[in-house]
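Thank you all for coming; I would like to walk you through one structure this morning, going slowly for anyone who is new to it. Please look at the picture first, and then we will go through it region by region.

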Amino acid sequence: MSTEPETTEEAGPGTPDTRGTREGGTEGSAGGNADAGTEDIGAVEGDGAIEEAGAGASEGDGTSVSDGAPEGTGASEDAGASGGAEGAAGEGAGDAGALSEAEAELAAQRIERERIERRKAEKKGPIASGTKLSGKAADLLAAVRAVESGEKPVATVFTEPAPAPRRPAPEPMRRPQPAPAPVAPAAPAPETVDAVRRVLAEGSAPDSLAPQVAAVLGEGAGATLREDPWQLLRVGGVRPEQADGFARALLGPDCGPGDARRGRAVTVWLLEQAAVAGHTALELPTLTAALGRQGVPDPDAAVQDTLAEGEALVFQDALEEPGAPAPQDADEEQERPVRVLVGLERYAMAEESLADGLARLANSVPEEAGQAWEAVTAGLSGGAAELARAVAGHGLVLHTGGEAARAEPAALLAAARAAGLRAYAACHTPDGRSRLTAHLGAASGREGAATGRPVADPARQGEATAQPVTDPARQGEATGRPMADPARQGEATARPSGHPAQPGTAPVEPGATFAQPGAAPVRPGPGGHPGPSAVEPGAHGVVTVSGLLAGVEGPGRDADGALEVDLLIVLDAPQLDVEGAAMLVESLPDGARLVLSGDPGVLWSAGPGRVFADLLAARICPQAVSRVPDPGPLGELVSGIGVGELNQVAAPGKEIVIVPVRDAGEAVHRTVQLVADSVPRAIGVPADQTVVITPGHGGAAGTRALNSALKQRLNPGPGRFGGFDPGDRIAYSPAPGRTVPGVVVKADADGLHLSCAGAPVVVPRERVEGSVRHGWALTAHQAAGARWPAAVVVLPGDAAQALSRPWVYTAFGRAERHLSVVHGVEQALPRAVAEVPAKPRTTRLGTLLRTQAPAS
């Protein structure tokens, strides 16, 4: 089963029923549907070359798409030996002072060695539940159990306990190091897998599911599955009708649709499917209706049974009526209408933890801003100054704006660090990190030019101004160009780049080429800003969210496990799901300031929740709205889409080209032609810096069909390694809802070797099919948070139902210099922009925020 968020884009809103849902749209497309209306959009029919389309557009008013590494452990054994030798020499000389000093040195070293041994013993000891587990789900589940048992307070359960606290450092400078060996999850015991395989065989189920079932159900999985065959639904990709067939083969006449075990399993499965579609809970009537469609005879009893077994939780949230006065007494509170919600424990606890953490941050900022924040606000102007003033007086601030508005949090970050504050910014992707670093360098350069003074830290002046530095070994970092020192260049491509060094967790730059021994140097990233391999992770205080949470980027943690920060700015905030946001907020200490910045018009997170949208709607904190528009024809087009208007835009430089198509087959042909030939020749953007975006994975013009055609043209090969060849662009999903682009290097007995942002990743053979796809073509959710010099957006006729204003806004906004639209949906495109908002998601965060945090 793929781990990519297919259903997130394709599932219908408000209901978890996926009886008719499939991975892509309907196969095929409506033929002959593009002739009407192609004249209105000003595109030229023919070969689809950009030169012809651009010429046709220039005849009119313009192109239109309208209706038309941890700290050291102290002294080493060798150092202790040398210290002992020095002490012996001092003793032989008869110097009493030296003798005392040597004894003290030896005693200190003995204490250090004892501490090291204790740490080693602690590491070998048993690990308590909730610690050293991989994955957000495991962290949150352990958090729930720890809090309920009273073992730990809420503020500490989301942090990974370190053997010893790190020494605080005002400017953590991590040296390039090889990535640690990947840590594979512990495989189930062979006897457990064999037992499951026997049960699966009895039920006529594929024995290839045995490792997955054993991993999900744990020790005793065979007995558990035999006792409750519907536990098979806990394995990803298994549907209720398949579990029913397995249960009938295993139980015989004792199996029936009214079986309580079936009711519980289907209820949990529906809640999981709702989470894939973005919901953190479901209203009770919606859940019972979905259970009825799945053949459960008594849906209410199934829900009650699931709640009684503790497999789900129920909540009663008061409904907010517009214009209704606040309740004045308890009796009135009881009479207010409520909605009954049912949700899984992991998402319920994540939302409650997130709401508590946000309220704590909002209420823990000292009343006096202090001289440091006065210096920050004094050195800024315009929108950046407004943002700084809001942050100086509040612990939680929201900032909204488009791509150009990123300059404002960049200026705030630079000013805060110049004032001596421990300030960091975290982005969703390595590409976002590179773009923010470019903004930061530009802001620092303007500050130096305006004041005539160098930037605050002379040792980092070259990095801050993006100018070449004196040290040739650091020239590549500062400029984004290949480094002159070959040894240094190898380090730059081998060091970790922002994610835990385990399979699938290395970050990546979209469209980048990856240096291997003997390969070409790493080039700058999309749009000319430095690629991630050219930018030291954490340079300028800019990191990725996943790298920050994993501890491989950004600041260290204090003795309580909290991040050592005074200010954290999170870019691409709409991409935060509830679990990631909860972990991030719980990692911040009291008194820290948090800025969540993002574009509210883009698609919401691939994971469950709509954190940024809920915060904006709750209005519990200041909101700084940027007035900086995105420049050029592309900026004008995307800004209009954001307010529901698909405007005619003049594109004299062929920034926007419309290519009409009649059917899906022609859409695939035109797309390959654009990527491989027209865009490189007419625009000057090579194929490896162009992304293709389409609404879904399936269908005649989905990512599968497009990637197959693009591979045949751009990197043909036999696909000897599970369908992949060296040089293939890929999209790797290490976890549901998260995608990192990369390129295939090779394959061997260890698995498929990928290069992601210069960091090597090895995907085990058994995980390749479910977690690696070809990556020339992506969905809009996969592309969110990154930008490319050129984008080709494919809209086949069968994609009309999948279009919405946020989808079009996100897809069109991935282009920096050029956008080609392969258009086959006729009037569905302007109608989606004008009339189809974001798909609704059922969440509890808004209600929790209003009850726990005061209004600003």
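Let me begin with the second largest pocket, which holds about 790 Å³ of space. A pocket here is worked out on a 1 Å grid over the protein atoms alone, as an open set of points where a 1.4 Å probe fits, with protein on both sides within 12 Å along at least five of seven lines, and its lining residues have an atom within 4 Å of a point. The volume is the space filled by probe spheres set on the points, which are joined across faces, edges and corners. Of the 41 residues that line this pocket, the closest to its centre are Gly402, Glu403, Ala404, Asp630 and Arg787. The elements that each give two or more residues to the lining are β5 (396-400), α19 (430-451), β9 (593-598), α26 (632-642), α31 (805-812) and β21 (815-823), and the largest share, five residues, comes from α26. These helices (H or I, at least four residues) and strands (E, at least two) are DSSP runs, numbered from the N terminus.

Before I go on, a word of care: this is a predicted model, in which local features need pLDDT of at least 70 and side-chain atom pairs count only at pLDDT 80 or more, while totals for chains, interfaces and linings use all residues. Residues are numbered from 1 along each chain as its sequence is written, and side-chain values use heavy atoms, with hydrogens and water left out.

Staying with Glu403, its side chain meets that of Arg406 in a salt bridge, at 3.9 Å from N to O. By salt bridge I mean a side-chain nitrogen of Lys or Arg within 4 Å of a carboxyl oxygen of Asp or Glu. Both partners are buried, a word I use for under 20% relative accessible area, with exposed meaning over 50% and partly exposed in between (1.4 Å probe, protein chains only). Arg406 counts as buried because its relative accessibility is 6%, and Glu403 because its relative accessible area is 19%.

The structure holds 25 salt bridges, so let me pick out two others. Arg264 pairs with Asp305, the closest N and O atoms being 2.8 Å apart; Arg264 lies in helix α11 (residues 260-276) and Asp305 in helix α13 (residues 299-308), so this pair ties together parts that are 41 residues apart in sequence. In the other, Glu666 is joined to Arg662, with the closest N and O atoms 3.7 Å apart; Glu666 is buried at 10% relative accessibility, whereas Arg662, at 40%, is partly exposed. Salt bridges that share partners also join Glu403, Arg406, Asp431, Arg435 and Asp572 into one network.

Let me finish with backbone geometry. Most residues other than glycine have a negative phi, which is the background for two residues here. Ser204, although not a glycine, has a positive phi of about 60°; Ser204 lies in the loop between α7 and α8 (210-217) and is exposed, at 65% relative accessibility. Lys654 likewise has a positive phi, near 60°; Lys654 is in the loop between β11 (648-649) and β12 (656-660) and, at 25% relative accessibility, counts as partly exposed.
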